[in-house]
Amino acid sequence: MGERKATVAAEVGLHARPAATFVQTAMTAPMEISVAKLGGGDPVNGKSILQIMALDVRQGETIVIKAEGEGSDEILEQLASIATTP
Amino acid sequence: MTTVLAPVEGVAVGLAAVPDPVFSAGMVGPGTAIDPVRGPLTAVAPIAGKIMKLHPHAYVIVGDDGKGVLVHLGIDTVQLKGKGFELLAAEGDRVGAGQPVVAWDPAAIETGGRSPVCPVVALDAVAGAVTGVALGTVHAGDELFHWA
C-alpha cells in the first residue's frame, strides 16, 4: 500500500478550490484513494467531494493519502502536491 | 429523486455565470447559482437533512439518502471570516427543507467588492443527474432543480 503524508498549506484548508482540485485529480485514478487525518479518524474516499469536505482538514493539518497498484506513486505525488500548495 | 429548493430569493443564473472557475467549470459538482436580491436575507436549507458543515459563508446539508447539497453564500466570502453572517442553526442540527440556516446581506457583500452570487451544488453528482434546473426569478423555498 503506497501512502504519502501531506501538510495542507491552503489558508482555507482542504475546502473549496483545493478540495475540488484534489477530488478531480483523484477521480482520474483507476484505483481507490483514501484520505485520513494523521493520528486519527477513519479514512474517507478521496474521490468524494462530500467526504473530503466532511473530513474538514484545516491549514497546517497533515493528511495521509493512500493508493495501491500501478500508477499509485504518480497519483499520490500529484495529490500530495495539491494538498501542499498554498 | 431529491428536490433541491432555492436557499435564497433572487435570479437563477446557472453555474456558468459564477465568477469562480471552481464553480463555473462544475469542478465542485452540477447545480446552479442564484444572484440574490440585495437586502437582508435568510438563507434556508435546500433539502431536509443534517447540517454536515456550517461555515458562516457556506453550508452542506446531507439528506437521509446520503446526498449532500452545498450552498455557498457569495464568492471568496471565506475571506470575511464570518463578518456579516449570522448563524441561525448549528452544525449537526437536523433541519427541514426551507428552514433558516444563515442570515446575511448580499448588498453588504457586494459593497465589499465581492460577488454575492450563491452556487447551489449537488456534491458527488454526475452532470446528467441534475435536471429541471430553474432559470429566472426564484423565491427562497421554490424548487430549484431535481437530483436523480
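Modeller: Helices (H or I, at least four residues) and strands (E, at least two) are DSSP runs, numbered from the N terminus. By that definition chain B has two helices and 14 strands. This is a predicted model, in which local features need pLDDT of at least 70 and side-chain atom pairs count only at pLDDT 80 or more, while totals for chains, interfaces and linings use all residues. Residues are numbered from 1 along each chain as its sequence is written, chains are lettered from A and ligands numbered from 1 in the order in which they are written, and side-chain values use heavy atoms, with hydrogens and water left out.

Biologist: OK, and why is chain B called as compact as a globular protein of that length?

Modeller: Its radius of gyration is 13 Å, close to the 15 Å that the globule rule gives for 148 residues, so chain B is as compact as a globular protein of that length. The radius is taken over C-alpha atoms, and the rule is 2.2 Å times the number of residues to the power 0.38.

Biologist: How much of chain B is buried?

Modeller: Of its 148 residues, 53% count as buried, where buried means under 20% relative accessible area, exposed over 50%, and partly exposed in between (1.4 Å probe, protein chains only).

Biologist: What about strand β10 of chain B, is it enclosed or open?

Modeller: Four of the five residues of β10(B), which covers residues 100–104, are buried, so the strand is largely enclosed by the rest of the structure.

Biologist: Which strands pair with it?

Modeller: Two strands pair if DSSP finds at least two bridges between them. Strand β4 of chain B (residues 41–44) pairs with β10(B) in the antiparallel sense over four bridges, and there B:Ala43 stands opposite B:Val102. Strand β8 of chain B (residues 85–87) is also antiparallel to β10(B), over three bridges, with B:Glu86 opposite B:Ala103.

Biologist: Switching topic, where is B:Asp76, and what is its phi?

Modeller: B:Asp76 is in the loop between β7 (68–72) and β8 of chain B, and its phi is near 60 degrees, a positive value in a residue other than glycine. At 38% relative accessibility, B:Asp76 counts as partly exposed.

Biologist: And B:Asp124, what is its phi?

Modeller: B:Asp124 has a positive phi of about 65 degrees although it is not a glycine, and it lies in the loop between β11 (118–122) and β12 (130–131) of chain B. At 37% relative accessibility, B:Asp124 counts as partly exposed.
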